[in-house]
Amino acid sequence: MAKKSLSELLESTDHCIVAPCVYDCASMRAVEMVGFEAAMLSGGEVSIAMNGVIDYGFSNLTDIEWICSRITQTNAIPLAADIEDGFGGPLAVYRSTKRMIAAGAKALQLEDSGDMENSTSLLPREKYYEKVRAALAAMEGSDCFLIARTNADPETEMDEGCERMRAAVEMGAKMSTVVRISTMDHAKIVSEKVPGWKMFPDVRDINGKPGVTAEDIYPLGFNFLTMHYTLKAAMDGMLEHGIHNYAQQGCHYTCQKEDATKIMGMSATPLFDPHSYMELESRFGGDKKDFTIVGNAVEDFPEGFVRSKIDDRL
C-alpha cells in the first residue's frame, strides 16, 4: 500500500498536487513513472475499461473496490477514489466507505447527485448531508479523508453548490469540489465561499488555452487538481499500433517502434521493473534469479523515469 497518505502529502507540500485519473494498475504505473505524486481513480474510466460500457451507473461498489485494492497494493503513490453517490443511502455509504478504506483508498469523493442517469439532478441538501455524516463516521480512525462533491451548475447554482460544500467542510470533510467549474473566475468565487482544501476538477483547454494552471489556483486554496488523459492515451496508442499491425498481419511495427521509454520489442514487462521483484525474492534466501519471458531476457527498467522501491509497491 502507499507509504504516504494523501493527507500527509498535502500537508507537507508547497504546491498544488496534480493527480491524473487512472483506471487500472497499468495506468497508475504510467502516472507514477513520469513523476506524478498522487492519482484519482475515475469511476467513469473504470466503467469503460473494466466493463466496456459508458459511465451510466453500470459500475458498482465491487468493481471499484476490486480495482482499487489491486492498484494500491502495487504502487507507491497515494490514490483517491471516486465513489460516485456512495452506491445507495447513508447505510450503503457507510459500508462503501469502510470497504474502500480497506482497499487502500486515501481519499473518497462523494457526490450529491440524485440519479446516475441524470448526474446533474441534485439530492435535497439534507439527504446529501446524511451521506456525508455516514462517510465521515466510517472514516474515523483511518488515514482516509472525504472529498465532498457537488454537481451544481456554476452558472446557475453556484451559491447552492458552495453552500453545500461549506456545510460539508463544517461537518468534517477535509476537501471539497464544485465539480463543474472550469475557469479562474469560478475558482475565485468558490475560494471566497468555501473554506478548507479544495479540488479543481478536470483541468482542460478552453479555446486552445488551459482554463487554469496549478500555480494560479494554489493560492486560492486549490491544493489538488485532477485531469483525464490515461484512457484516451492508451486507446490512441493501441489504435496507432493496431492500424499498422493489422496492415502487416503481425507486430513488426510494435517491435521496431522506439517509443517514449526507448525500449524495443512487444512487451511492456520492463516498465513494471521485474528485476526488482527478483531482488526482493533473493532477500528471503537463495540466489538472485534472472527474470525471463519463456527464456527470453527482459530489458532493464528504462532510464529517465521514476523507479520507486519495490518495498513501497508491494
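# Salt bridges, strands and rings: a chat

Visitor: Which side chains meet in a salt bridge at 3.5 Å, N to O?
Guide: The side chains of Asp159 and Lys193 meet in a salt bridge, at 3.5 Å from N to O, and please keep in mind throughout that this is a predicted model.

Visitor: And where do those two lie?
Guide: Asp159 belongs to helix H7, while Lys193 belongs to helix H8 (residues 184-193), so the pair ties together parts that are 34 residues apart in sequence.

Visitor: Is Asp159 buried or exposed? What about Lys193?
Guide: Asp159 has a relative accessible area of 54%, and because the cut-off for exposed is over 50%, Asp159 counts as exposed. Lys193, at 37% relative accessibility, counts as partly exposed.

Visitor: Which residues do salt bridges with shared partners join into one network?
Guide: That network consists of Asp112, Arg125, Glu160 and Arg164, joined by salt bridges that share partners.

Visitor: How far apart are the closest N and O atoms of Asp112 and Arg164?
Guide: In the salt bridge between Asp112 and Arg164, the closest N and O atoms are 3.1 Å apart. This pair links distant parts of the chain, since Asp112 sits in the loop between S4 and helix H6 (125-139), and Arg164 sits in helix H7 (residues 158-171), 52 residues apart.

Visitor: Are Asp112 and Arg164 buried or exposed?
Guide: Asp112 counts as buried at 0% relative accessibility, and Arg164 is buried as well, with a relative accessible area of 5%.

Visitor: How many salt bridges does a search of the whole structure find?
Guide: The search finds 17 salt bridges, and one of them is formed by Arg149 with Glu111, whose closest N and O atoms are 3.5 Å apart. Arg149 lies in strand S5 (residues 145-150) and Glu111 in strand S4 (residues 107-111), so this pair ties together parts that are 38 residues apart in sequence. Both Arg149 and Glu111 are buried.

Visitor: Let's switch to strands. Why is S1 described as largely enclosed?
Guide: Strand S1 (residues 17-22) has 6 residues, of which 5 are buried, so the rest of the structure largely encloses this strand.

Visitor: What does S1 pair with over 4 bridges?
Guide: S1 pairs with S10 in the parallel sense over 4 bridges, and there the bridge partner of Ala19 is Thr226 in S10. S1 is also joined by 2 bridges to strand S2 (residues 39-41), again running parallel, with Val22 standing opposite Leu41 in S2.

Visitor: How does the chain cross from S1 to S2?
Guide: The chain crosses through helix H2 (residues 25-33), and this β-α-β crossover from S1 to S2 is right-handed.

Visitor: New topic, aromatic rings. How many aromatic pairs are there?
Guide: The count comes to 4 aromatic pairs. The rings of Tyr56 and Phe58 have centres 6.2 Å apart and planes at 50°, so this pair is tilted. Tyr56 is partly exposed, with a relative accessible area of 39%, and Phe58 is partly exposed too, at 49%.

Visitor: What about the rings of Phe200 and Phe222?
Guide: Their centres are 5.7 Å apart and their planes stand at 70°, so the pair of Phe200 and Phe222 is edge-to-face. Phe200 lies in strand S7 (residues 197-200) and Phe222 in strand S10 (residues 222-227), which are distant parts of the chain linked by this pair, 22 residues apart. Phe200 counts as buried at 1% relative accessibility, and Phe222 counts as buried at 1% as well.

Visitor: Back to Tyr56: where is it found, and what does it form with Ile54 and Phe58?
Guide: Tyr56 is found in the loop between helix H3 (43-51) and helix H4 (61-72). Together, Ile54, Tyr56 and Phe58 form a nonpolar patch on the surface, with about 330 Å² of accessible area.

Notes. Residues are numbered from 1 along each chain as its sequence is written. This is a predicted model: local features need pLDDT of at least 70, side-chain atom pairs count only at pLDDT 80 or more; totals for chains, interfaces and linings use all residues. Side-chain values use heavy atoms; hydrogens and water are left out. Patches are made of residues with over 30% relative accessible area and no salt bridge: like charges are joined within 9 Å, nonpolar side chains (Val, Leu, Ile, Met, Phe, Trp, Tyr) within 5 Å. Accessible areas come from the Shrake-Rupley method with a 1.4 Å probe; for residues, only the protein chains shown count as cover. A salt bridge is a side-chain nitrogen of Lys or Arg within 4 Å of a carboxyl oxygen of Asp or Glu. Rings of Phe, Tyr and Trp (its six-membered ring) pair if their centres lie within 6.5 Å; planes under 30 degrees apart count as stacked, over 60 as edge-to-face and the rest as tilted. Buried means under 20% relative accessible area, exposed over 50%, partly exposed in between (1.4 Å probe, protein chains only). Two strands pair if DSSP finds at least two bridges between them. A crossover is right-handed if, with the strands pointing away from the viewer, the path from the first strand over the helix to the second runs clockwise.
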